[in-house]
Amino acid sequence: MINKKIEEILNAQINKEFYSAYLYLAMSAYFDEIGLKGFSNWTKIQAREEVDHGMILFDYLIARNGNVDLKHIEAPDCDMQNPLQVFEKIYAHEKTVTESIESVAGMTESECDLATRNFIDWYIAEQVEEEANVLDIIKKLKMFGEEKSILYHIDIELAKREYKHHNYSC
Ligand code: OFO
């Protein structure tokens with residue numbers, strides 16, 4: 001059985017992961033609308049990964065005999081102006097998710113829940129990777145500014161991203 005405080009913070013994290021999925025889906029729709037299919041693909045795949053992140057937490061809670069308590073998911077922030085602004089928004093968002101995962105890790109330590117402490121390490125590593133990937137795209141977008149042909153090449157690059165399913169097995 002999982003401790004109540006840990007159960008609560010994991011349920012809150014499920015909600016954040018599904019909100020992330022919503023946010024990336026809104027971004028994918030925006031990129032599709034402006035004709036950047038590769039950017040749209042990249043953000044849509046990210047949305048699927050965010051659903052996986054939520055589901056891994058969901059399955060973990062069930063495996064620990066915890067209660068899953070699904071809350072209302074906020075509508076995503078839909079203010080999108082250009083690819084750089086959207087990727088800066090992604091970076092800011094992922095930094096808040098990293099902080100949130102770190103709070104989960106901190107609580108597992110104060111509550112001496114070593115199983116969840118071990119479980120959450122995967123998310124800590126995942127956040128490092130996500131922030132690095134987004135920063136890489138931001139750097140390219142900044143380096144080449146509004147240069148349309150370069151944007152086109154970045155779009156082709158982002159179209160190559162493929163979805164890899166992540167799940168939880170105990
Ligand atoms: Fe779930 O990592 Fe992004 O938000």
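Residues are numbered from 1 along each chain as its sequence is written. Because this is a predicted model, local features are given where pLDDT is at least 70 and side-chain atom pairs count at pLDDT 80 or more, while totals for chains, interfaces and linings use all residues, and side-chain values use heavy atoms, with hydrogens and water left out.

Helix α1 covers residues 4–33 and helix α3 covers residues 83–110, and the two pack at an angle of about 170° with their axes 11 Å apart. Here an axis is a line fitted to C-alpha atoms, for helices over the stretch in contact, and the angle, which can run from 0 to 180 degrees, is taken between N-to-C directions. The helices α1 and α3 are therefore roughly antiparallel to each other, a term for angles over 145 degrees, whereas those under 35 count as roughly parallel, 65 to 115 as roughly perpendicular and the rest as oblique. The residues of the contact of α1 with α3 divide into 17 nonpolar, six polar and five charged, where Ala, Val, Leu, Ile, Met, Phe, Trp, Tyr, Cys and Pro count as nonpolar, Asp, Glu, Lys and Arg as charged, and the others, Gly among them, as polar.

The length of a helix can be set beside an expected span, which is 1.5 Å times one less than its number of residues. For α3, with 28 residues, the distance from the first C-alpha to the last is 41 Å, close to the expected 40 Å. The 27 residues of α2 should span 39 Å, and this agrees with the model, because the end C-alpha atoms of α2 are 39 Å apart.

What happens to phi just after α2? Asparagine 65 takes a positive phi there, about 65°, although asparagine 65 is not a glycine. This residue lies in the loop between α2 and α3, and it counts as exposed because its relative accessibility is 52%; with a 1.4 Å probe and protein chains only, buried means under 20% relative accessible area, exposed over 50%, and partly exposed in between. Cysteine 112, which follows α3, sits in the loop between α3 and α4 and likewise has a positive phi, about 55°, although it is not a glycine. With a relative accessible area of 62%, cysteine 112 is exposed.

Within the helices, methionine 55 of α2 counts as partly exposed because its relative accessibility is 33%. Methionine 55 and glutamate 17 are 38 residues apart in sequence, and their C-alpha atoms are 8.9 Å apart in space. Although tyrosine 152 and isoleucine 124 are 28 residues apart along the chain, their C-alpha atoms are separated by 33 Å.

Finally, we turn to the space between the atoms. Rolling a probe the size of a water molecule over the atoms shows where empty space is left. By class, the lining of the largest pocket has four nonpolar, three polar and 11 charged residues.

Note on methods:
Helix = DSSP H or I, 4+ residues; strand = E, 2+ residues; numbered from the N terminus.
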